[in-house]
Amino acid sequence: DSHAKEKFNALHLPEEDVFEIRETLNAINSDIEYIPYKDALIKFYKSLSDEFRKKYTHKQIQKIFDIQMDCKIPSSYTDSLLKGLKNKGYKLLYLTNRKKCAQELIDKQGLFKFTKYFEGGIISADVGIRKPNPEIWKMLIEKYSLNPEECLFVDDKEKNCLVAKSLGMHYEIFDRVKSVQK
């Protein structure tokens, strides 16, 4: 996303190093999905070339990893939107495809303060299933005794919204979430 990209660009890394970082993360992505932050960082470090590890300090590599694991920063109206919905009596739940190491980073840095409006939810790393697998929605429905026809699912990916629809939920693609305020 643009926030992570700005932070990453501020490091002024040579293009070949940026390429290696992306290639390394792509190669280990499924390996770090469900492991703790420290283990994921070690896996990333060991997967980099010797030349890369000689060029940058451990602290610099950790900063690069942290930026890459940093989740999308929510739109400026997210907090007020969620607060408004909560104040109107809506039950708010989350369903997120987040890596375990990314969640630990979010918790450590105190990001996503708006989560106080949620009554709960499911993180894919905790259950071993990711969107768009319908089973993760079924887990959410069962865990919170939801009636899908009374649910509005909001996501930034259309394929995830279509799965929610197939299970009987209403949906809104995040790009148009301002219309949810109405």
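Modeller: What follows goes from the overall fold to single residues.

Modeller: This is a predicted model, in which local features need pLDDT of at least 70 and side-chain atom pairs count only at pLDDT 80 or more, while totals for chains, interfaces and linings use all residues. Residues are numbered from 1 along each chain as its sequence is written, and side-chain values use heavy atoms, with hydrogens and water left out.

Biologist: How many helices and strands in the chain?

Modeller: The chain has 10 helices and 4 strands. Helices (H or I, at least four residues) and strands (E, at least two) are DSSP runs, numbered from the N terminus. In sequence order the pattern is α-α-α-α-α-α-β-α-β-α-α-β-α-β.

Biologist: What share of the residues is buried?

Modeller: Of the 182 residues, 41% are buried. Buried means under 20% relative accessible area and exposed over 50%, with partly exposed in between (1.4 Å probe, protein chains only). The accessible surface of the chain is about 11000 Å², and carbon and sulfur atoms hold 50% of that. Those areas come from the Shrake-Rupley method with a 1.4 Å probe, and for residues only the protein chains shown count as cover.

Biologist: OK, strands. How do strand 1 and strand 2 run?

Modeller: Strand 1 (residues 93-96) and strand 2 (residues 120-123) run parallel, joined by 4 bridges. Two strands pair if DSSP finds at least two bridges between them. Tyr-94 has Gly-121 in strand 2 as its bridge partner.

Biologist: Which way do the residues of strand 2 point?

Modeller: Gly-120 and Ile-122 point one way, Gly-121 and Ile-123 point the other way, and all are buried.

Biologist: What about strand 3 and strand 4?

Modeller: Strand 3 (residues 152-155) and strand 4 (residues 170-173) pair in the parallel sense over 4 bridges. Phe-153 has Tyr-171 in strand 4 as its bridge partner. With helix 10 (residues 158-166), these strands make a right-handed β-α-β unit. Right-handed here means that, with the strands pointing away from the viewer, the path from the first strand over the helix to the second runs clockwise.

Biologist: Switching to Lys-131. Is that lysine buried or exposed?

Modeller: Lys-131 counts as buried because its relative accessibility is 11%. Lys-131 sits in the loop between helix 8 (124-127) and helix 9 (134-143).

Biologist: What does Lys-131 touch?

Modeller: Not counting residues up to four places away in sequence, Lys-131 touches Leu-95, Thr-96, Asn-97, Ile-136, Trp-137, Phe-153, Asp-155 and Asn-160. A polar atom of the Lys-131 side chain lies 3.0 Å from the backbone oxygen of Leu-95. For a polar contact the cut-off is a pair of N or O atoms within 3.5 Å; within protein, one must be able to donate a hydrogen and the other to accept it, and residues adjacent in sequence count only if both atoms are side-chain atoms.

Biologist: Ile-136 came up. Where does Ile-136 lie?

Modeller: Ile-136 lies in helix 9 and is buried, with a relative accessible area of 0%. Ile-136 and Leu-95 are 41 residues apart in sequence but 8.0 Å apart in space, C-alpha to C-alpha. Beyond four places in sequence, the contacts of Ile-136 include Leu-95, Ile-122, Ser-124 and Lys-131.

Biologist: And Ser-124, buried or exposed?

Modeller: Ser-124, in helix 8, counts as buried at 0% relative accessibility. Leaving aside neighbours within four places in sequence, Ser-124 is in contact with residues including Glu-33, Tyr-34, Thr-96 and Ile-136.

Biologist: Which residues of helix 5 are buried?

Modeller: In helix 5 (residues 58-69), the buried residues are Ile-61, Ile-64, Phe-65, Asp-66, Ile-67 and Met-69.

Biologist: Last one: what is phi of His-12?

Modeller: Phi of His-12 is near 55 degrees, a positive value in a residue other than glycine. His-12 is in the loop between helix 1 (2-9) and helix 2, and counts as exposed at 68% relative accessibility. Ser-145 also has a positive phi, near 50 degrees; Ser-145 is in the loop between helix 9 and strand 3 and is exposed, with a relative accessible area of 67%.

Definitions and conventions: Expected span 1.5 Å × (residues − 1). Contact = heavy atoms within 4.5 Å.
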